[in-house]
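Please open the model alongside this note. The points below go through it piece by piece.

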Amino acid sequence: MRKFKTESKKLLDLMINSIYTNREIFLRELISNASDAVDKLYFRSLTDSDVQLSADELAIDVAFDKDARTITVSDSGIGMNKDELEKNLGTIAHSGSLDFKTENAEGEQASAVDIIGQFGVGFYSAFMVAKKVVVVSKRYGEDEACSWTSDGVEGYTIADAERENHGTDVILYLKDDADEDSYSEFLSEWKLRELIKKYSNYVRYPIRMEVSKTRTLPKPEDAGDDYTPQHEHYTEIETINSMVPIWKRKKSEVTDEEYNEFYKSDFHDFVDPLRTMSVHAEGMLTYDALLFIPGRQPYDLFSPDYKKGLALYSSNVLIMEKCEDLLPDYFGFVRGVVASEDLTLNISRETLQHNTQLRAIAKKVEKKIKSELADMRDKDRDAYEGFFKNFGRNLKFGIYSTYGQAASTLSDLLLFYSAKQEKLVTLDEYVDAMLADQEAIYYAAGNSVERLAKLPVVQSVLDRGFDVLLCAEDVDELCLQSMFQYKEKEFKNVSGGNLGLETEDEKAAAEAAAKDNEALFAAMKDALGEKVTKVSVSTRLTTAEAAPACITAEGPVSLEMEKLFAGMPV
Ligand code: ADP
Ligand code: MG
């Protein structure tokens, strides 16, 4: 018996004690693994002419046995050998990170749902309904089959096994029914059919199940008037899923729930998408696109492992799982599918990049996302603010990393915290509310909105009637500076350079004060030495009680930016 790694064990405990109420998703997870396994082999067959696959091998079979209380999901995919069984089913990929993930930034315990979602611990979900799981597998191209058996509690055993062909059977021994929990419901044709339809309808391989049928026998020639129709019961293998790609269907004919289930099962999320966009284009460029804005931020969004891209299909065949060229980086959080008959199969990365059709589709996709976001911003501000919380950073970073080029697409989608209105505003809202004599868009940068709001320099600009955007995210100032201006209004950091806000009287008073105190300033500069470039009178602060003095930076880089740069790895 081999023991589960600590992290796996914790997760299994969660699964078995089933805090996660939606236990029926186990079937979706096992089918999606089977589909992945068939994909892997199928991809090989595209590039390796030695790999020849029959239609039967590109299918997934689901079976149940009422007496033995088992459900079996089988595929003829790539399969696993002993090492792979050990590696893939004995541990969780991100070993050691569970502790980290169970606590979120605020130090609250994440719910089981979060954990399950973050890890995509698909396979383990079997233990929500099974007291024992047996996996029998044979790796494609290898001779020995092997098995993995576990009751989910302490560990698992790996042994030699028999299996004729390559592929995998996952056999679940269902838990016994208790008063509150019935597992027997899964041992029925209609229940399994319902689950396959609900969660796996668009899996691109046929999901087959033996189903019972009844037919009425033809009336015999010699039957008398008192003949009662005779029925015959028989079984038949039926493909349960429709496989008609959901993106081909009209939006009006698909329910929200269908879209949501498709999104969750295909993109391994556990939260419904925030928005669904469906595009059907015909004419010069014929394609279908189905795009989703996720309802939450993927935990790896800003890690180097995150891969953007849309799935690319041609003639219903997946030719690329994540085609990066279809999405600009700043919309890299969007998930979805693009299907076009016009693209040739076996297209290489090289040719894709130069494919004008693909570039044209990418442009339309970008436009569609932009207009959907603008629509949400205008019509459903709460939802938009939720979106911005998750993905606003991508937009700001997009402007910065393109040296302001992306501003034409993104700037009106930005939100910043307004010190005057005490809520998030768009740049348009800021500009519209500007006073007649206001020439610039003022902002302050730091690490918390609360602290920025209390800055004397912010207060003094507010006192003059001008609003100040409080920028608490590190990328904010970089973003504003790379835009340089919005609607011909320059961005100005309230704590950098001379704001030129003082009246003539104030200027005169300052000059007089400077003269009177020349000796004092010279002494202060002497005392501070290299730490400052100069000591002078400021008209910046309107309330001396709040602060008699302030530190500012001259030149293009504010103190906050200097801090940011200082903390950057070089
Ligand atoms: P994920 O599918 O997100 O990788 P799972 O927990 O669902 O995570 O599965 C873990 C791993 O086990 C898979 O990545 C795969 O390598 C392997 N696996 C699971 N089921 C199968 C299967 N039917 N055929 C081949 N490999 C499988
Ligand atoms: Mg999986």
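Which residue in the turn of the hairpin formed by strand 5 and strand 6 has a positive phi? The points start there, after a word on conventions. This is a predicted model, where local features need pLDDT of at least 70, side-chain atom pairs count only at pLDDT 80 or more, and totals for chains, interfaces and linings use all residues. Residues are numbered from 1 along each chain as its sequence is written, while chains are lettered from A and ligands numbered from 1 in the order in which they are written.

1. The hairpin. The residue is Gly-152, with a phi of about 80 degrees. Strand 5 and strand 6 have 4 residues between them. Strands here are DSSP runs of E with at least two residues, and helices are runs of H or I with at least four, both numbered from the N terminus. Strand 5 covers residues 145-150 and runs antiparallel to strand 6, joined by 6 bridges. Ala-145 faces Ala-161 of strand 6.

2. Another partner for strand 6. Strand 1 (residues 2-3) pairs with strand 6 (residues 155-161) over 2 bridges, in the antiparallel sense. To count as paired, two strands need at least two bridges found by DSSP. Lys-3 has Gly-155 as its bridge partner.

3. Strand 15 (residues 416-418) is antiparallel to strand 16, with 3 bridges. Tyr-417 is opposite Leu-424.

4. Most residues other than glycine have a negative phi. His-268 has a positive one, about 50 degrees. The loop between helix 7 (256-266) and strand 10 (275-281) holds His-268. Glu-488 is also not a glycine, and its phi is about 65 degrees. Glu-488 lies in the loop between strand 19 and strand 20 (489-493).

5. Exposure of these two. His-268 is partly exposed, with 15 other C-beta atoms within 10 Å. Glu-488 is exposed, with 7. The cut-offs are 20 or more for buried, 12 or fewer for exposed, and in between for partly exposed, with C-beta atoms placed from the backbone.

6. The ligand. Around ligand 1 there are 17 residues, Asn-33 and Phe-123 among the closest. A residue is near if its C-beta atom, placed from the backbone, lies within 6 Å. Helix 2 (25-47) gives the largest share of this shell, 5 residues.
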